[in-house]
Amino acid sequence: MAATNHAQAIKQDSQEYLTTALLQLLEAHQFEDITVTQVVKRAGVSRMAFYRNFDSLEQVLIDYFTPIIETHFKAVLQQQSAELKLAALSTFFIELEATLKLAAKRGFEPIVRDVFTDNIQQFYQKIDPWRSLDAIRQKYYVQFMAVGVYQIWRDWLLGGQKESLSFIHQLLANLQHHMDLAVSQPLAD
């Protein structure tokens, strides 16, 4: 048992070193220009250690951002009212503002967006009127809202937050209301 715990601790340390090294490199370099060799050198681990823990540099970022974004979405889902859900979502974006700006600047935003989109799709699949849809319609409605919500928040944050937060909340609430109406009136095949 002690050997297993020790091996797990080493694996965890390697993952943390590699993740930290990649995040440090992203401070100064474009994601596409960073290599596994640079990451392992900076982390002080072997190339074999990298591939024991990750399939790719993309996977390092996916594994890093997934629990962060999932935690924020759990906080959103715990809220009872739509207004509180939007407030929790805005907290998420404000807290990750610097990360989103770095992701856009350094070329790894698609990874952040995909993790966000996966989580918001799960969020919309739990909304009552949407559960009654057949799988195809649910897929497209959910995908539309997930990408739209991300894009609105992205544009707001990266555009200098010119509109008030209450304006963004109202905009999203209106879109949600109109989508709920559309969902309640299904299209014919």
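Predicted model: local features only at pLDDT ≥ 70, side-chain atom pairs only at ≥ 80, totals over all residues.
# A guided look at an all-helix model

Visitor: How many helices and how many strands does the protein have?
Guide: Reading from the N terminus on, the elements run α-α-α-α-α-α-α-α-α-α. The count that goes with this order is 10 helices and zero strands.

Visitor: Among contacts between residues at least 6 apart in sequence, what percentage join residues at least 24 apart?
Guide: A contact here means that heavy atoms lie within 4.5 Å. When the contacts between residues at least 6 apart in sequence are taken, the part that joins residues at least 24 apart is 63%.

Visitor: Which residues line the largest cavity, and of which class are they?
Guide: A search of the whole structure finds one cavity of 30 Å³ or more, and the volume of the largest cavity is about 50 Å³. Two helices, α5 (82–95) and α7 (109–125), each supply at least two residues of its lining. The lining consists of Phe92, Phe93, Leu96, Leu100, Val112, Phe116 and Tyr150. With no polar and no charged residues among them, the class of the seven is nonpolar.

Visitor: Which parts of the chain does the aromatic pair of Phe31 and Phe108 tie together?
Guide: The search of the whole structure finds 10 aromatic pairs, and one of them is formed by Phe31 and Phe108, a tilted pair with 6.5 Å centre to centre and 55° between the planes. Because Phe31 lies in the loop between α1 (2–26) and α2 (36–43) and Phe108 in the loop between α6 (97–106) and α7, the pair ties together parts that are 77 residues apart in sequence.

Visitor: Are Phe31 and Phe108 buried or exposed?
Guide: The cut-off for a buried residue is a relative accessible area under 20%. Phe31 has a value of 9%, and Phe108 has a value of 2%, so Phe31 is buried and Phe108 is likewise buried.

Visitor: What kind of aromatic pair do Trp153 and Trp156 form?
Guide: Trp153 and Trp156 are three residues apart in helix α9 (residues 135–158), so they are separated by about one helical turn. Both Trp153 and Trp156 are buried. Their rings are 5.4 Å apart centre to centre with 85° between the planes, and since an angle over 60 degrees sets the kind, the pair formed by Trp153 and Trp156 is edge-to-face.

Visitor: How far apart are the C-alpha atoms of Lys126 and Leu77?
Guide: Lys126 is found in the loop between α7 and α8 (128–131), and at 48% relative accessibility it counts as partly exposed. Along the chain, Lys126 and Leu77 are 49 residues apart, while the separation of their C-alpha atoms is 9.1 Å.

Visitor: What is the phi value of Gln161 near?
Guide: Gln161 lies in the loop between α9 and α10 (165–184), and with a relative accessible area of 28% it is partly exposed. Gln161 is a residue other than glycine with a positive phi, and that phi is near 55°.

Note on methods: Residues numbered from 1 in each chain as written. Heavy atoms only, no water. Helix = DSSP H or I, 4+ residues; strand = E, 2+ residues; numbered from the N terminus. 1 Å grid on protein atoms, 1.4 Å probe; cavity = no way out; pocket = protein on both sides within 12 Å on 5 of 7 lines; lining within 4 Å. Points joined across faces, edges and corners; volume = space filled by probe spheres on them. Nonpolar A, V, L, I, M, F, W, Y, C, P; charged D, E, K, R; others polar. Buried < 20%, exposed > 50% of the residue type's maximum accessible area, 1.4 Å probe, protein only. Phe/Tyr/Trp six-rings, centres within 6.5 Å; stacked < 30°, edge-to-face > 60°.
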